[in-house]
Amino acid sequence: MADIVDIAVTAESFKTLVAAVQAAGLVETLKSPGPFTVFAPNDDAFAKLPAGTIQTLLQNIPQLTRILKYHVVPGKLLKADLAKIGTVNSVEGSPIKIDSSDGFEVKNATVLAADIEADNGVVHVIDTVILPG
């Protein structure tokens, strides 16, 4: 089975996320045994950000790293697990609210595809880049 990074690289919809993870130096971390739960914004999610945001973040690696770490939770949490919990703490340190009362949402993002299992965790594809705070 592929790891989280391999899944993102082979899927055509995560080019921006892969570039950001590479720029932030998080590839090795996300290839490690984990396990991790990753809320992965697709390219359309990054396209929703205000013009110039991605370029600004690529020039501010500490801020980019913080945002990317906010999308990662320690442990392998499937949709059913997350529905029972309600809130999880990200690797970045801030809480992420989970709402499964009407669909499946993570903070202000809708989960487009859940439970994509990897060797070292699970990926949930989201339609919006989530921010700490």
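Reader: Is D115 buried, exposed or partly exposed?
Author: The relative accessible area of D115 is 32%. Buried means under 20%, exposed over 50% and partly exposed in between (1.4 Å probe, protein chains only). With its 32%, D115 is therefore classed as partly exposed.

Reader: On what kind of model do these values rest?
Author: Residues are numbered from 1 along each chain as its sequence is written, and side-chain values use heavy atoms, without hydrogens and water. Local features need pLDDT of at least 70, side-chain atom pairs count only at pLDDT 80 or more, and totals for chains, interfaces and linings use all residues, since the model is predicted.

Reader: What phi does D115 have, and in which element does D115 lie?
Author: The phi of D115 is positive, at about 60°, although D115 is not a glycine. Most residues other than glycine have a negative phi. As for its place in the chain, D115 belongs to strand β6.

Reader: Where does K107, another residue with a positive phi, lie?
Author: K107 is not a glycine either, and its phi is near 55°. At 28% relative accessibility, it counts as partly exposed. Its place is in the loop between β5 (105–106) and β6 (109–118).

Reader: How many helices and strands does the protein have?
Author: Both are DSSP runs numbered from the N terminus: helices (H or I) have at least four residues and strands (E) at least two. Along the sequence they follow the pattern α-α-α-β-α-α-α-β-α-β-β-β-β-β. The protein has seven helices and seven strands.

Reader: Which residues of α6 are buried, and against which elements do they pack?
Author: Helix α6 has L64, T65, I67, L68 and Y70 as its buried residues. Contact here means heavy atoms within 4.5 Å. The buried residues of α6 pack against α2, α5 (53–59), β2 (72–74) and β4 (95–99).

Reader: Why does T65 count as buried, and which residues does it contact?
Author: T65 is part of helix α6. It counts as buried because its relative accessibility is 15%. When its neighbours within four places in sequence are set aside, T65 is in contact with A24 and L26.

Reader: What share of the residues of the whole protein counts as buried?
Author: The C-alpha atoms fill a box of roughly 40 × 30 × 25 Å, taken along the principal axes. T65, at 15% relative accessibility, is one example of a buried residue. Of the 133 residues of the protein, the share that counts as buried is 42%.

Reader: What share of the contacts with a separation of 6 or more joins residues 24 or more positions apart?
Author: This question concerns distance along the sequence. Among the contacts with a separation of 6 or more, those between residues 24 or more positions apart account for 63%.
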